[in-house]
Amino acid sequence: MGAFLLTRLPPWVEVGAFLLAFLAGSVNAVGLLGFSHQSVSHLTGTSSLLGLALADLALNNALHLLFTLLSFLAGAALSGMLITSTALKLGRHYGFSLLIEAALLVMAMLTLQQGSDLGIYLASMACGLQNAMVTTYSGSIIRTTHLSGIFTDLGIMLGNRLRGIPLNGRRLLLFVLLISGFVCGGVVGTWLFRLLHFTALMAPAALAVSLAVVYWRYSRQYR
């Protein structure tokens, strides 16, 4: 089923997937370096930290972690409001969603510079919005804000290959691009954070705006 859905996606999806994974990787790097080693692009580690905080009865920390989880959920819900169809069609609200993500990242930067935890929640919301936006049209094949599922799918493919089942070349390329994009984003996000601190979030925000503009121009040209 996944391979069938992938063949129906346009060729430029790979480029977009790499850039969105790069964006999320850079945001998460800033999160890990600036938010007490707390990730914002995915929820597994945050959920574990919430469990630890509850076990230790650290209620203030637990409440903070819960807000981070709910912020990611709110971002995904916002994407669901904007993009109601699972079919990738030019002219839908993908560009507008990217602009909202950029605005959330800019607001996150400004509030974090003031020492407010609200910035963490805004960054998490931006990641939830992006992940839901991409998941909607890819049928959960493409996930740009975390890599657990990607590595799992890649491992399944390699295991199938050892059994003699041919590899799906396009799917393999997509997984490699997602992994490399996230890692490269982490490298750049680390460099920028060390140079600019929370102002580093301007880079992924600018990338989101650029992707929205390119998408709208492409959509206008080929719609």
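Trainee: OK, so helices here are DSSP runs of H or I, at least four residues long, and strands are runs of E, at least two, all numbered from the N terminus. With that settled, how do the elements of the protein run from the N terminus on?

Mentor: They go α-α-α-α-α-α-α-α-α. That's nine helices and zero strands. Keep in mind that this is a predicted model.

Trainee: How much of the protein is buried?

Mentor: Buried residues make up 46% of the 223 residues.

Trainee: Switching to charges. How many salt bridges does the structure hold?

Mentor: One. Glu-14 pairs with Arg-170, and their closest N and O atoms are 2.4 Å apart. Glu-14 lies in helix 2 (residues 13–34) and Arg-170 in helix 8, so the pair ties together parts that are 156 residues apart in sequence.

Trainee: Is Glu-14 buried or exposed?

Mentor: Glu-14 counts as buried, because its relative accessibility is 9% and the cut-off for buried is under 20%. Arg-170 is partly exposed, with a relative accessible area of 23%.

Trainee: What else goes on at the start of helix 8?

Mentor: Arg-170 turns up again there. A side-chain oxygen of Asn-168 reaches to within 3.2 Å of the backbone nitrogen of Arg-170.

Trainee: What about the helix itself, how far does helix 8 reach?

Mentor: Helix 8 covers residues 169–196, which is 28 residues, and it reaches 39 Å from its first C-alpha to its last. At 1.5 Å a residue you'd expect 40 Å, so the two values are close. Its buried residues include Phe-175, Ile-179, Phe-182, Gly-185, Gly-186 and Gly-189.

Trainee: Why do residues three or four places apart in an α-helix point the same way?

Mentor: An α-helix has 3.6 residues a turn, so residues with that spacing end up pointing the same way.

Trainee: And what happens just after helix 8?

Mentor: His-197 takes a positive phi of about 60°, and this is a residue other than glycine. His-197 sits in the loop between helix 8 and helix 9 (202–222). It's partly exposed, with a relative accessible area of 43%.

Trainee: Where does Leu-57 sit, by the way?

Mentor: In the loop between helix 3 (44–55) and helix 4. Leu-57 has a positive phi too, near 60°. It counts as exposed, at 67% relative accessibility.

Trainee: Helix 4 next, then. What's its span?

Mentor: Helix 4 has 24 residues and reaches 34 Å from first C-alpha to last, close to the 34 Å expected at 1.5 Å a residue. Among its buried residues are Leu-65, Thr-68, Leu-69, Phe-72 and Gly-75.

Trainee: Which residues form the nonpolar patch on the surface?

Mentor: Leu-63, Leu-66, Phe-67, Leu-70 and Leu-73, with about 440 Å² of accessible area together. Leu-73 belongs to helix 4 (residues 59–82). It's exposed, with a relative accessible area of 53%.

Trainee: Back to helix 2. What does the side chain of Asn-28 reach?

Mentor: The backbone nitrogen of Val-40, at 3.0 Å. Asn-28 is in helix 2 and counts as buried at 5% relative accessibility. Leaving out residues up to four places away in sequence, Asn-28 touches Ser-39, Val-40, Ser-41, His-42 and Phe-182.

Trainee: Last one, helix 5. What does Ala-108 touch?

Mentor: Gly-119, Leu-122, Ala-123 and Leu-201, again not counting residues up to four places away in sequence. Ala-108 is in helix 5 (residues 94–113) and counts as buried, at 0% relative accessibility.

Notes
Residues numbered from 1 in each chain as written. Predicted model: local features only at pLDDT ≥ 70, side-chain atom pairs only at ≥ 80, totals over all residues. Heavy atoms only, no water. Buried < 20%, exposed > 50% of the residue type's maximum accessible area, 1.4 Å probe, protein only. Contact = heavy atoms within 4.5 Å. Polar contact = N/O pair within 3.5 Å; in protein donor to acceptor, adjacent residues only side chain to side chain. Patch = residues over 30% accessible without salt bridge, like charges linked within 9 Å, V, L, I, M, F, W, Y side chains within 5 Å. Areas by Shrake-Rupley, 256 points an atom, 1.4 Å probe, with all protein chains shown as cover. Salt bridge = Lys/Arg side-chain N within 4 Å of Asp/Glu carboxyl O.
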